[in-house]
Amino acid sequence: MSGGAIVALDMGGKRIGVARCDPTRTLVTPVTVFTRTGRDGDQARLAELLDGQEADTIVVGLPLNMDGSEGGQAKMARADAAVFLEGRRERIIFCDERLTTFEA
């Protein structure tokens with residue numbers, strides 16, 4: 001499979017987790033988890049991290065309710081992604097993260 005890496009973001013209320021999947025789509029590696037300090041600082045830190053990953057896709061975890069609806073956390077993840085990822089060249093997609101801890 002060709003293309004760049006995939007970067008996954010978990011936009012929590014207190015922390016943001018970042019992981020990277022290599023271009024061959026065979027190895028996922030945690031990059032970092034950082035504590036939020038404020039919108040401007042978080043945006044700058046995330047931009048710096050993303051710039052070093054050579055990614056063509058950014059996946060943002062979307063914590064949907066069990067019925068598939070978007071609650072407060074999912075709306076916050078979408079809002080943060082809109083602000084933090086505005087103007088990025090990578091493709092941005094949202095991924096339903098219901099039951100992902102259970103699956104792991």
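**Notes on the predicted fold**

1. In total, strand E2 (residues 15-21) and E3 pair in the antiparallel sense over seven bridges. Two strands count as paired if DSSP finds at least two bridges between them. Helices (H or I, at least four residues) and strands (E, at least two) are DSSP runs, numbered from the N terminus.

2. A word on where this comes from. The model is predicted, so local features need pLDDT of at least 70 and side-chain atom pairs count only at pLDDT 80 or more, while totals for chains, interfaces and linings use all residues. Residues are numbered from 1 along each chain as its sequence is written, and side-chain values use heavy atoms, with hydrogens and water left out.

3. The whole sheet is open and has five strands, in the order E3-E2-E1-E4-E5, with mixed pairing. Strand E3 (28-35) and strand E5 (91-96) sit at the edges with a single partner strand each, so one side of each has no neighbour in the sheet. On average, neighbouring strands are turned by 25° against each other, direction ignored. For this and the helix angles below, axes are lines fitted to C-alpha atoms, for helices over the stretch in contact, and angles run from 0 to 180 degrees between N-to-C directions.

4. What lies across the strands? Helix H1 (residues 39-51) lies across strand E1 (5-11), E2, E3 and strand E4 (55-62), at about 160° to E3. Helix H2 (residues 72-84) lies across E1, E2, E4 and E5, and runs at about 155° to E4.

5. Back to the E2-E3 pair, which forms a hairpin with six residues between the strands. Arg25 is in the loop between E2 and E3, and has a positive phi of about 65° although it is not a glycine. At 28% relative accessibility, Arg25 is partly exposed (buried is under 20% relative accessible area, exposed over 50%, partly exposed in between, with a 1.4 Å probe and protein chains only). Glu54 also has a positive phi, about 50°, without being a glycine. Glu54 is in the loop between H1 and E4, and is exposed, with a relative accessible area of 62%.

6. Ile58 is worth a look in strand E4. Buried or exposed? Ile58 is buried, at 0% relative accessible area. Leaving aside neighbours within four places in sequence, Ile58 is in contact (heavy atoms within 4.5 Å) with Val7, Leu9, Leu50, Leu85, Arg88, Glu90, Arg91, Ile92 and Ile93. Gly38, by contrast, is 20 residues from Ile58 in sequence and 21 Å away in space, C-alpha to C-alpha.

7. Ala8 lies in strand E1, and at 32% relative accessibility counts as partly exposed. With neighbours within four places in sequence set aside, the contacts of Ala8 are Gly17, Val18, Ala19 and Val59. Between Ala8 and Arg25 there are 13 Å in space, C-alpha to C-alpha, at 17 residues apart in sequence.

8. Ala8 also turns up at the largest pocket: 23 residues line this pocket, and Ala8, Leu9, Asp10, Gly61 and Glu97 lie nearest its centre. The largest pocket holds about 480 Å³ of space. Each of E1, E2, E3, E4 and E5 supplies at least two lining residues. Which element gives the largest share of the lining? That is E2, with six residues. On method: on a 1 Å grid over the protein atoms alone, a pocket is an open set of points where a 1.4 Å probe fits, with protein on both sides within 12 Å along at least five of seven lines, and lining residues have an atom within 4 Å of a point. Grid points are joined across faces, edges and corners, and the volume is the space filled by probe spheres set on the points.

9. Last, the cysteines. How many disulfides are there? With a disulfide taken as a pair of cysteine sulfur atoms within 2.5 Å, the count is zero. Cys21 is in no disulfide, and the nearest cysteine sulfur, that of Cys95, is 12 Å away. Cys21 is buried, at 13% relative accessibility, whereas Cys95 is partly exposed, with a relative accessible area of 39%.
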